[in-house]
Amino acid sequence: MATINDRYLYLKAGYLFPEIARRVNAFAEANPSAKIIKLGIGDVTEPLPEACRAAMIKAVEEMGDRATFRGYGPEQGYPWLREKIAEQDFKARRCDIDASEIFISDGSKCDTGNILDIFGKDNAIAVTDPVYPVYVDTNVMAGNTGPANEAGQYEGLIYLPISAANDFTAAIPSQKVDLIYLCFPNNPTGATATKEHLQQWVEYALANGSIILFDAAYEAFITDPTIPHSIYEIDGARNCAIEFRSFSKNAGFTGTRCALTVVPKTITGKASDGSDVELWKLWNRRHSTKFNGVSYVVQRAAEAVYSPEGQAQVKALVSFYLENAKIICEKLTAAGLTVYGGVNSPYVWVQAPTGLSSWEFFDKLLEKANVVGTPGSGFGSAGEGYFRISAFNSRENVEEAMKRILENL
Ligand code: MLT
């Protein structure tokens, strides 16, 4: 009989978002007339930018003509896309990143999980608490943890608490950590990191031979010019950080699928014989063995993000969601709730009304206001008592959701 990877049995029954969907579907079935508004999972609602659609249509036509048809592309992505990313996302911000260090993929969620393929099993791994659950669950699946305790924390992981007291930015650990996941603007709390804060992490990583796994999926939402968009804006990060980015939230590609991971050629890790090995070589090997690349049509759509029209349209899209976030913050604050984030981020992190746990607040809002958010405790035990509201929805739905929440607090 075939055996299984029984580390999967350590996982909580459902990944957070499918679990929420399950509860919402059960409620909808029992209450078919309820008009449910979903501000839970950070899924975009507004149409793809015109520039991306036009590029896709053109690419589809090319695929219909023998002369311009494309089969397999380079697994790492087409050079014309990688070069635009290198120029506009990195070099324009004085980040020294070469196109060859950029790997195009179908999602940051996949990449933040897949990256574990190239690391050993004996690393000390740190995550914040609360945290985007994918970082934790993929480590459980990879066999990097023991079982979870009562609080849902996995043996072997180092949890760095984040809260209002530390502006939702983790203190540099006192012990030695080999891999550290950082996400800024932060999912779920909406917090951002200053240059000085990231500088401390980079210095720590360089001093300890650690690697920072930096998730910048929400960088497009940064409007404050003092906040870095990329870890590579920090001196030394080329030697210690891998960065993940996505077209999902800036250009609305959650259903279209395109992302990128940057692995600088200057980062190394230790092999068991003590030699230093370039991570770029390992990731390149992994990527070209297990992945056949993002479709030509989608890469053309992603390329269009970097055209002048694409840039203007993406900016408008991001501003639209940021305005939603502002409305959410203003309405909830006026109603007496304490809110965080929602300024350089599409996520608003709300303190549940006194006496209510995250899931109790979730149930109350679902049942009374027919509004779905995400319970903070689903992101880790330190998220208990908090609730995440996503600004990804139509203006009409955001306004209606706020009206209903305020009537039912
Ligand atoms: C979230 O709601 O946290 C995100 O949508 C999850 C994701 O991007 O995978």
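Select Pro 185 to begin; this residue sits in the loop between strand 5 (179–183) and helix 6 (195–208). Helices (H or I, at least four residues) and strands (E, at least two) are DSSP runs, numbered from the N terminus. A cis peptide bond, with omega about -15 degrees, links Phe 184 to Pro 185.

The model is predicted: local features need pLDDT of at least 70, side-chain atom pairs count only at pLDDT 80 or more, and totals for chains, interfaces and linings use all residues. Residues are numbered from 1 along each chain as its sequence is written, and side-chain values use heavy atoms, with hydrogens and water left out.

Next, select Asp 129 and Pro 130, which are joined by a cis peptide bond with omega about 5 degrees. Pro 130 belongs to the loop between strand 3 (125–129) and helix 5 (133–141). Most peptide bonds are trans, and most residues other than glycine have a negative phi.

Proceed to Asp 167, in the loop between strand 4 (157–161) and strand 5. Phi of Asp 167 is positive, near 55 degrees. Asp 167 is exposed, at 58% relative accessibility. Buried means under 20% relative accessible area, exposed over 50%, and partly exposed in between (1.4 Å probe, protein chains only).

Then select Asn 370, in the loop between helix 10 (358–369) and strand 13 (371–372). Phi of Asn 370 is likewise positive, near 55 degrees. Asn 370 counts as buried, at 15% relative accessibility.

Finally, display helix 2 (residues 50–63) with helix 8 (residues 296–304). Residues in contact (heavy atoms within 4.5 Å) include Ala 51 and Met 56 of helix 2 and Tyr 296 and Arg 300 of helix 8.

Methods:
Axes fitted to C-alpha atoms, helices over the stretch in contact; angles between N-to-C directions.
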